[in-house]
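The questions below ask what lies behind the words used for a model. Each answer sets a value against the definition of the term.

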Amino acid sequence: MAAFVLMSFSASGAEIEGPASFSAGKIPGIKSSGPSYTILSPVRSDGFLRIYNVRSPYGDFSVTSDAMMEMRIREIAAVAELDRLTESNEFNKALGEAGLAPVKFAGELIVNPVEAIGNTLTGLGNQMSQFSSGLNNAGKSRDQAFGGLGSDQKRRELAAKLGVDPYTDYEPLQARLQKLSQAAATGGLIVSGAMMAIPGAVGIVVSNAGTSGRVKDSLRDRTAAQLMDMNREKMLAMGLDRVTADALLQNRNYSPLDMTSMVSSLEMVPVAGRDDFLRRAVAVKRRDAAVFNRRYTEMVADYHLKTKSIVSFVSAAEFPFNQTGNGTVVGIWPVDALSWTGGTSRAMSNAANAIRTNRLGRPELRISGQATARAKDGLRELGFTVAENTRR
């Protein structure tokens, strides 16, 4: 079948095309292979986001969007680093001094638990806060209600040093973090000592500069239950009702990192309409859609930090937009590869009609990736100005 439909025209008049495909080695910002993975070519797209198929010794998988691919590359690197760490003489010596048997990820973890775990927690005040938040959110948060005998805190500390999400949904990393953190908690192994030697650590995957430090610190120092309390309080201050806030916090398509970054990013843009965006975010039923929402808020926060121009959050045909003080309504979207498919054409035509009908402003689209020539023609015919590569 042909890659596009000849002489087929969209609502804007631009010719319809098929979703673009890409050579894995020619995608900006994505390394096509590493010591523990290979991205297969061609990389397909759906008209908005790229769809990756990846081969790895930890299991083959698919992932949607550049943002999620970047996240997985960091997580695969973290898995390899943890495997190398547990095989090192220095680490096994530290385990021996802590009274633990060597950790072997392929086998069972054998530890000698100690009677007291108080010295593995940081600060009496934080312990009491963790206890209270654990009770308030029992059965709802990702951590165990009482801190998992210290292993949850150790997992968060280790993840912070690796620059990964402690609540990752990537199972090979999740399993290794859990086993190693259990060893650290039950044996008193100090994360800041032996585990500090892990090479290649990078900053946690939060893209906007204004919140990355705060989010990283929050994930390291607070339990999932504490993060729920913190994020709930901030959402209520934005005008969201308690029932909807709780429904969003319990949506498992968002990790606590996603939620914390999303809420912190919205906090940086103190304008009307944030509560409406959060209400729409509750309906997400897929992980890639949750990551899209998080990345959108991070990009909006970055844009507002630079321009101070955003005056409200609005929606048009179910797409998130932002009105600015200069009379534009801008979609600041983490879109990888915009092609003028039939679906893209209909979606953008509906958005343009809603913007025009509701007199929201002059339409503008700012995307993190690229648009094909036909997509740019179609958008301009609908009245949009287009900016590409806006995150680089």
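This is a predicted model: local features need pLDDT of at least 70, side-chain atom pairs count only at pLDDT 80 or more; totals for chains, interfaces and linings use all residues.

Residues are numbered from 1 along each chain as its sequence is written, and side-chain values use heavy atoms, with hydrogens and water left out.

Q: What pLDDT does the chain average, and which share of the residues scores at least 70?
A: pLDDT is the predictor's confidence in each residue, from 0 to 100. The chain averages 82, and 74% of the residues score at least 70. Over residues 106-133 the pLDDT is below 50, and beyond near neighbours in sequence this stretch has 39 contacts in the model. Contact means heavy atoms within 4.5 Å. Residues 196-207 also have a pLDDT under 50, with 33 contacts beyond four places in sequence.

Q: What is the strand order of the open sheet of five strands, and why are β6 and β12 said to stand at its edges?
A: The order is β6-β7-β8-β10-β12, with mixed pairing. β6 (310-316) and β12 (385-387) each have a single partner strand, so one side of each is left without a neighbour in the sheet. From one strand to the next, the twist averages 30°.

Q: Which strands does helix α12 lie across, and at what angle to β7?
A: Helix α12 (residues 342-357) lies across β6, β7, β8 (328-333) and β10 (362-367). Its direction is at about 40° to β7, where axes are lines fitted to C-alpha atoms, for helices over the stretch in contact, and angles run from 0 to 180 degrees between N-to-C directions.

Q: How do you know that β4 pairs with β2, β3 and β5?
A: The bridge counts decide. β4 (residues 50-55) has two antiparallel bridges with β2 (residues 37-39), two with β3 (residues 44-45) and four with β5 (residues 61-64). Each pairing therefore meets the rule of at least two bridges. The partners include T38 with R55, S45 with R50 and I51 with T64.

Q: Which glycines take a positive phi in the hairpins of β4?
A: In the hairpin of β3 and β4, with four residues between the strands, G47 has a phi near 100°. In the hairpin of β4 and β5, with five residues between the strands, G59 has a phi near 120°.

Q: What is the form of the peptide bond from S41 to P42, and what is the phi of K308?
A: The bond from S41 to P42 is cis, with omega near -5°, and P42 is in the loop between β2 and β3. K308 has a phi near 55°, a positive value in a residue other than glycine. K308 belongs to the loop between α11 and β6.

Q: What makes a space a cavity or a pocket, and how many cavities are there?
A: On a 1 Å grid over the protein atoms alone, a cavity is a set of points where a 1.4 Å probe fits but cannot get out, while a pocket is an open set with protein on both sides within 12 Å along at least five of seven lines; lining residues have an atom within 4 Å of a point. Grid points are joined across faces, edges and corners, and a volume is the space filled by probe spheres set on the points. By this rule there are three cavities of 30 Å³ or more.

Q: What lines the second largest cavity?
A: This cavity has a volume of about 100 Å³. Its lining has 14 residues, with S65, D66, A67, P334 and D336 nearest the centre. α11 gives the most, four residues.
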